[in-house]
Amino acid sequence: MNGALNWKRYAGVYILSMIGLMIIGLLLQRLFGFSLPTGLSTVLPPMMAAMIEGQKRADAGLGQYENTEAWSAASLATMVVGVITVAVLAGLLILMPLMREMFSSISMMTWVLVFAGIMGLTLLVNRFFLTMGYKNQRKALDKKAGK
């Protein structure tokens, strides 16, 4: 555990959010013919994981994130997402020949740029929602203590 982020909990929430979103998406598609926006799977899992990490920091009684500490925690969280993304992608490429064929039709530079863009967006989402989760939980705890 890093003082600013519990990466194991973050990874667990991230993975469970991905699976839950996939299940909800499949159910909506099968039952109602409605599909979720594709960008949602990029933003929602890190959003939820970062929000929970921020809340856990407030629950632990730790101080608010300093700017550099928040960026450091967000960077670590983004690295966790990057590792998970590469592992899932590698598994898909190994297990699904159709995926290999699709990926080979696009240049490596394009894939690198797409990955870098997604990781940049993930970094911003992590940074914003770590501090938002902390602030919201701190307000809730302060309100509860005032009653």
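## Helices α3 and α4

Helix α3 and helix α4 (residues 97-104) pack at an angle of about 110°, and their axes lie 5 Å apart. Axes here are lines fitted to C-alpha atoms, for helices over the stretch in contact, and angles run from 0 to 180 degrees between N-to-C directions. Helices are DSSP runs of H or I with at least four residues, strands are runs of E with at least two, and both are numbered from the N terminus. α3 and α4 are therefore roughly perpendicular to each other; angles of 65 to 115 degrees count as roughly perpendicular, under 35 as roughly parallel, over 145 as roughly antiparallel, and the rest as oblique.

On the α3 side, the contact is made by Leu89, Leu92, Leu93, Ile94 and Leu95, and on the α4 side by Pro97, Met99, Arg100 and Phe103. Contact means heavy atoms within 4.5 Å. By class, the contact of α3 with α4 has 8 nonpolar, no polar and 1 charged residues. In this classification Ala, Val, Leu, Ile, Met, Phe, Trp, Tyr, Cys and Pro are nonpolar, Asp, Glu, Lys and Arg are charged, and the others, Gly among them, are polar.

## Model and overall layout

This is a predicted model, in which local features need pLDDT of at least 70 and side-chain atom pairs count only at pLDDT 80 or more, while totals for chains, interfaces and linings use all residues. Residues are numbered from 1 along each chain as its sequence is written, and side-chain values use heavy atoms, with hydrogens and water left out.

The protein has 5 helices and 0 strands, in the order α-α-α-α-α from the N terminus on. Its C-alpha trace spans about 60 × 40 × 20 Å along the principal axes. Of its 147 residues, 29% count as buried, where buried means under 20% relative accessible area, exposed over 50%, and partly exposed in between (1.4 Å probe, protein chains only). Among contacts with a separation of 6 or more, 80% come from residues 24 or more positions apart.

## Helices α1 and α3

α1 and α3 pack at an angle of about 50°, with 10 Å between their axes. That angle makes α1 oblique to α3. The crossing of the two helices is right-handed, meaning that the near helix is turned clockwise from the far one by less than a right angle (left-handed if anticlockwise).

Trp7, Tyr10, Ala11, Tyr14 and Ile15 of α1 meet Leu76, Ala77, Val80, Val81, Ile84 and Thr85 of α3. The classes in this contact are 10 nonpolar, 1 polar and no charged residues.

## The largest nonpolar core

A nonpolar core is a set of buried Ala, Val, Leu, Ile, Met, Phe, Trp, Tyr and Cys residues joined through side-chain atoms within 4.5 Å. The largest one has 23 residues, of which Leu5, Tyr10, Tyr14, Tyr65, Ala73 and Leu130 touch the most other members. At least two residues each come from α1 (7-32), α2 (40-59), α3 (67-95) and α5 (108-146). The largest share, 7 residues, is supplied by α3.

Beyond its neighbours within four places in sequence, Tyr14 is in contact with Pro45, Pro46, Ala49, Val81, Ile84 and Thr85.

Ser17 is in helix α1 and counts as buried, at 10% relative accessibility. Apart from neighbours within four places in sequence, Ser17 is in contact with Pro45 and Met48.

Trp111 is in helix α5 and is partly exposed, with a relative accessible area of 23%. Not counting residues up to four places away in sequence, Trp111 touches Phe103 and Ile106. Trp111 and Leu62 are 49 residues apart along the chain, and their C-alpha atoms are separated by 39 Å.
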